[in-house]
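Colleague: I'd like a close look at one part of this model, the open space inside it and what surrounds that space. Could you walk me through it and bring in the neighbouring pieces as you go?

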Amino acid sequence: MFRIITQVTLCFFALSGCNFLDEQSDTQKLKGLLAQHAQKYQIPAQGLLVLHQDKEVFKEVYSSELFKKEHALNKDSLFPIYSISKLFASILILQFVEEQKIALDSPASMYVKGLPIGWQNIPVSAFLNHASGVPEYFERDVKQFTFAPNKQETFERLKAKPVHFAPATKIRYTQTNYLVLAAILESVSGVNYEKLVEQRILTPLGMNSTLRLQLSERYPNVVKTYHVKAGKLIEFKPIQWPDYSAAHGGYYSNLEDIGRFLSAVASGKLISQTQLQKYFQPYRLRDGNIGYFASGWDYGRNWQFQELGHDGGTLSRVRILFKDKLDDAYIIVYFTNGNSDGVWSRVLVDAVQSSLSL
């Protein structure tokens, strides 16, 4: 009799507690994965956050022994998020579309004066999804990047450069696309872009640790970027981007803030879920093929899941995973600050996704 009761009891706990067991298993697997990535790719510092329906499944930071000797790392440390910053601009554009102040099919020149003549008929959607064909706005010589003093002068300098292809015929990732989006947002709102991010995203969501800054001793909690060579940390000197580059990069943040932002997106706090389901479809080119962006977010499918997110400087990546509806979304935020072999952020996040009991 005791044996039968014991077997029944074990079966009950196995069924009723399967999620708990999976979570424990996921925790151990993800801790091991961080250690594995640190060793395999010689990543100095990592931060990983996994959420499910706004609830924390896993949150951890991991320092290599080499990094620990010189730096302190904690769960509130600020990482440069690079092009993950573009997701703020995407959401702001979609908010104004929802408010019927911007139309994605309308040309950007309807909202911004002074764009090059060759750009006059390029729709907002093409800029949002890197399908505009416009050239890059900066040049790089042997020692440094060179920039115009402001957006207006940038557009003026680009008038002499031809577009690479007709809009919506190809995908070509450029930072220029997001300069145009920032100009559209400022024109429609009458507010400086960074202030707009603060008013509509950072302040409402309590993202107090997300900011733009230059690395200095005044911010001891900032994680610097390194290349690892021959067992040594070689600091990567960040590009001194102009102030007007905020829409395409330059923000710093921590795991909690970016997780809060992505949760707010998925749960419909910034844009209604009904509208998001519409916007979060892959951009379709003129020839009928689909691009790999959905309203500016990286888009893909893996088995039953749709994947939406963005890379940050090849080092970090964020991802929202959902099946049919955003109500049951998983969120992955994975920050790193360098490596020895150029491993791409997608490889790291794919490994996390494969380790989860989804």
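Predicted model: local features only at pLDDT ≥ 70, side-chain atom pairs only at ≥ 80, totals over all residues.

Modeller: The largest pocket holds about 1,000 Å³ of space. Its lining takes in 46 residues, and the ones nearest the centre are Tyr82, Ser83, Ile239, Trp241 and Gly313. By type, that lining divides into 22 nonpolar, 16 polar and eight charged residues.

Which strands each supply at least two residues of that lining? They are strand 7 (226–229), strand 9 (251–253), strand 11 (297–302), strand 12 (305–312) and strand 15 (338–339).

Strand 7 and strand 15 run parallel and are joined by two bridges. If you want to find that pairing on screen, go to His227, whose bridge partner in strand 15 is Asn339.

The residues lining the largest cavity are Asp298, Tyr299, Gly300, Glu307, Leu308, Gly309, His310, Arg317, Val318, Arg319 and Arg346. Strand 11, strand 12 and strand 13 (316–322) are the elements that give two or more residues to this lining. Strand 12 gives the most, with four residues.

All eight of the eight residues of strand 1 (residues 45–52) are buried, so strand 1 is largely enclosed by the rest of the structure. Side chains in a regular strand alternate between the two faces of the sheet. In strand 1 both faces are covered: Ala45, Gly47, Leu49 and Leu51 are buried on one side, and Gln46, Leu48, Val50 and His52 are buried on the other.

Strand 1 has pairings to look at too. With strand 2 (residues 55–63) it pairs in the antiparallel sense over eight bridges, and Ala45 stands opposite Ser63 there. The hairpin of strand 1 and strand 2 has two residues between the strands, and in it Gln53 takes a positive phi near 55 degrees. Strand 1 also runs antiparallel to strand 14 (residues 330–336), with seven bridges joining them. On that side, His52 has Tyr330 as its bridge partner in strand 14.

One last stop, in a loop. Val134 lies between helix 5 (124–128) and strand 4 (139–140). Is Val134 buried or exposed? Its relative accessibility is 1%, so Val134 counts as buried. Leaving out residues up to four places away in sequence, Val134 touches Trp119, Ile122, Phe127, Val163, His164, Arg172, Thr174, Thr176 and Asn177. For a sense of scale, Val134 and Val265 are 131 residues apart in sequence, and their C-alpha atoms are 29 Å apart in space.

Methods. Residues numbered from 1 in each chain as written. Heavy atoms only, no water. 1 Å grid on protein atoms, 1.4 Å probe; cavity = no way out; pocket = protein on both sides within 12 Å on 5 of 7 lines; lining within 4 Å. Points joined across faces, edges and corners; volume = space filled by probe spheres on them. Nonpolar A, V, L, I, M, F, W, Y, C, P; charged D, E, K, R; others polar. Pairing = 2+ DSSP bridges. Buried < 20%, exposed > 50% of the residue type's maximum accessible area, 1.4 Å probe, protein only. Contact = heavy atoms within 4.5 Å.
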